[in-house]
Amino acid sequence: MPVEYYDVHKQFERGAVLMSLDTEQIWGYLDLYNELQFRQQYPDALEAHAKLLACLAKAGVSATWFMVGGMTLHGSEGPRDRRMAGLPYQWTAKIPAGVEVTAPLWYRQSFVEQLRAASPLQEIGLHGGLTHFIWTDPQATREVVEWELAEGVKALKQALVRPLSFSFGREQEAHHDLLPAQGIRCYRGRTVSRAFQLGRTRSGALARLLDELCRSIPLPVWPQETLPGLWNIPSSLFLYPIRASRTRVVGLQSRIERFSRGVAAATRYRGIFHFCLHPENLTESPHGFSMFEDILERLILSRDRGDIEILTMSEMAARMERGRERELPNLVQATPPGSLIRVSRGGTERDCDPVRRCGSRVPLRGQ
C-alpha cells in the first residue's frame, strides 16, 4: 500500500540555535544546600540574571528563560502558604516565609518584570513547577505533580506570563500528559548525548569529562511530537561546570569550542543546536561572563552570515504546528483511500491512518 511522508526536517531551510536557561536560584538546590552553602558555591548569583540578560540584549539574542514558579511570587508564607499545601512537607519545610527584600534568593518578581520588558523578546517558560519539586521523587504521586504544575502555572500567570514551554527539574521527565492541559505546547527533553543518558552516575560524570577533553561535537536535534500538540525539543548540550576544580582539568576554551561545533553541526545538517545552562553557573569562575560573551560572539557571526537562525522554544513549536497544518491536509488529499501516511518525528517514523489523523488536530477535508 502506498505511503506518503510528513517529515519535520522539511521545516528547516537552515540550522537553528535555541538557548534555554534554567532560572531557579536556590529553588533548584533546596534539597542540597542552605543559603550560606549556595552563596559560597555561586557567588554573586543574584547579579547573574541581570548580567546575563544584558549580554543577550547587547547581542540581540532571544532566549527561553525557564523560571521556577516560586521565584515569580511577590512572597509567601513558606510551608504554611496555601499554595504549598498539596506538596510533601519534607520538601516545603525549607522554604522561608518572606518577600523579595527579605529573601531575595527565593523571590525575584522584579527580575520577571525585567524579562517582560526586555528587547529583543525573551520567552519565559516554567521550570519544574511551583517549587522545583522533582517529578520522579518517591513522593511524586500524580496528585502531587498536578498540584506542583498547576500552582507553578498560576504563579507565572499572576506575574502576567502565560507559559507555553516547560523544562523538568534535573531533566527528570514524567507525567507528560499533564502538560497540555495547562497550556504547555513544548518541553525540553533530556540531553541526547550518551553521557547525559547515563545520568548522575560515576559513569555519566566520566563520560561528560571525556566529552569535554575530546571537544566532542554536540548532536543536532529535531522536534518530536510526544502527544498531539506537545513537542519535545531535546537539549543538545548543557554547559559543563566552570568552577576551579573542573577548569584545572578542562579549560574554559573547551566550552567555547564545543558550542561552536554544535552550531556548525546544526548548520550542516539543518537541525537544532539546543544549548542550555543555569545563569548562576557563570558565577563559578571570574571568567564566566567573558566566556559567555565569546560564545555569543561566535553565535552572532553565524547568524549574520545566514548560517543559522535563533529561535525560542515556543517559536520552534509554533513552526512545527504551522508546517503540519500546511502539509498534512495536502498529503491526506493526495493519499489514496486505504493508504497510510508515514510521519517522521525527530528520527523516528510510524505509519498512521489519515482518516484517524495520526493524532493531529488539523481538520481534514471532507470531514
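Which residues in α5 are buried?

**View 1. A look along helix α5.** In this predicted model, the buried residues of α5 are V144, V145, E148, L149, A150, E151, G152, V153, A155 and L156. Helix α5 covers residues 142-158, 17 residues in total. From its first C-alpha to its last it reaches 24 Å, close to the 24 Å expected at 1.5 Å a residue. Just for background, an α-helix has 3.6 residues a turn, so residues three or four places apart point the same way.

**View 2. Into the largest pocket.** The largest pocket has a volume of about 980 Å³. It's lined by 38 residues, and the closest to its centre are F196, R200, R208, P241 and H278. Two elements give two or more residues each to this lining, namely α7 (202-213) and β11 (237-238). Helix α7 supplies the largest share, with five residues. Sorted by class, the lining has 12 nonpolar, 12 polar and 14 charged residues.

**View 3. Zooming back out to the chain.** The chain's secondary structure comes to 11 helices and 15 strands. Of its 367 residues, 55% are buried. Take the contacts between residues at least 6 apart in sequence: 74% of them join residues at least 24 apart.

Conventions
Residues numbered from 1 in each chain as written. Predicted model: local features only at pLDDT ≥ 70, side-chain atom pairs only at ≥ 80, totals over all residues. Heavy atoms only, no water. 1 Å grid on protein atoms, 1.4 Å probe; cavity = no way out; pocket = protein on both sides within 12 Å on 5 of 7 lines; lining within 4 Å. Points joined across faces, edges and corners; volume = space filled by probe spheres on them. Helix = DSSP H or I, 4+ residues; strand = E, 2+ residues; numbered from the N terminus. Nonpolar A, V, L, I, M, F, W, Y, C, P; charged D, E, K, R; others polar. Buried < 20%, exposed > 50% of the residue type's maximum accessible area, 1.4 Å probe, protein only. Contact = heavy atoms within 4.5 Å. Expected span 1.5 Å × (residues − 1).
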